[in-house]
Amino acid sequence: MNRIPGAVLTVSDRASAGAYPDRSGPLAVSLLAAHGIDATLAVVPDEPTAIRRGIRSAIKHGARVVITTGGTGIGPRDVTPQVTTELLSLPLPGVVDEIRRRGAEQVPTAVISRAEAGIVTSTKRPSAFVVNAPGSTGGVRDTIAVVGPLVAHIVDQLDGGDHNP
């Protein structure tokens, strides 16, 4: 089986400044590996320009799936969903609906995540699947549990594959 190139982008002011270690990003990389995805890891502050640049750079360097962690809440610096929405050509709301549903089974506040998911298309490179995960390790686990089994099929579809998994 061919490995799928991916990227994890941790969005955190404190982790990007070195104020505390990033736990969610490395966990996402590890969990994605179990689904056949080789992901790089980058950490950026909660700044729209940095988030946009991080997602675009990952896709430019070949990532077919990009998972962001952090910035999905309702705090004033939580801007990851807005930036992601700007980049999406095709939203996939069912993906984040399922992530929130799974999360709410353990943590009721999971339903206030504003995460987005969808496809970013480009005329210069293959399309990519982008998903926002909460910054908590539990949120990352829920996200990868939902998207991990879907990634190979999504990438196949983006490359013109048949609709049957």
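Let me begin with a definition: a surface patch is made of residues with over 30% relative accessible area and no salt bridge, where like charges are joined within 9 Å and nonpolar side chains (Val, Leu, Ile, Met, Phe, Trp, Tyr) within 5 Å. A salt bridge here is a side-chain nitrogen of Lys or Arg within 4 Å of a carboxyl oxygen of Asp or Glu, and accessible areas come from the Shrake-Rupley method with a 1.4 Å probe, with only the protein chains shown counting as cover for residues.

What we have is a predicted model, in which local features need pLDDT of at least 70 and side-chain atom pairs count only at pLDDT 80 or more, while totals for chains, interfaces and linings use all residues. Residues are numbered from 1 along each chain as its sequence is written, and side-chain values use heavy atoms, with hydrogens and water left out.

On the surface, Ile74, Val111 and Ile112 form a nonpolar patch, with about 300 Å² of accessible area together. Ile74 sits in the loop between strand S3 (65–69) and helix H4 (80–87), helices (H or I, at least four residues) and strands (E, at least two) being DSSP runs numbered from the N terminus. With a relative accessible area of 65%, Ile74 is exposed, given that exposed means over 50%, buried under 20%, and partly exposed in between (1.4 Å probe, protein chains only).

Val95, in helix H5 (residues 93–104), counts as buried at 10% relative accessibility. Leaving out residues up to four places away in sequence, Val95 touches Ala117, Phe129, Val146, Val147 and Leu150, contact meaning heavy atoms within 4.5 Å. Val147, with its neighbours within four places likewise set aside, is in contact with Ile67, Val95, Ile99, Phe129 and Val131.

Finally, helix H3 (residues 48–60): which of its residues are buried? They are Ala50, Ile51, Arg52, Gly54, Ile55, Ala58 and Ile59, and what covers them includes S1, S2, S3, H4, S5 and S6. Just after H3, Gly62 takes a positive phi of about 105°.
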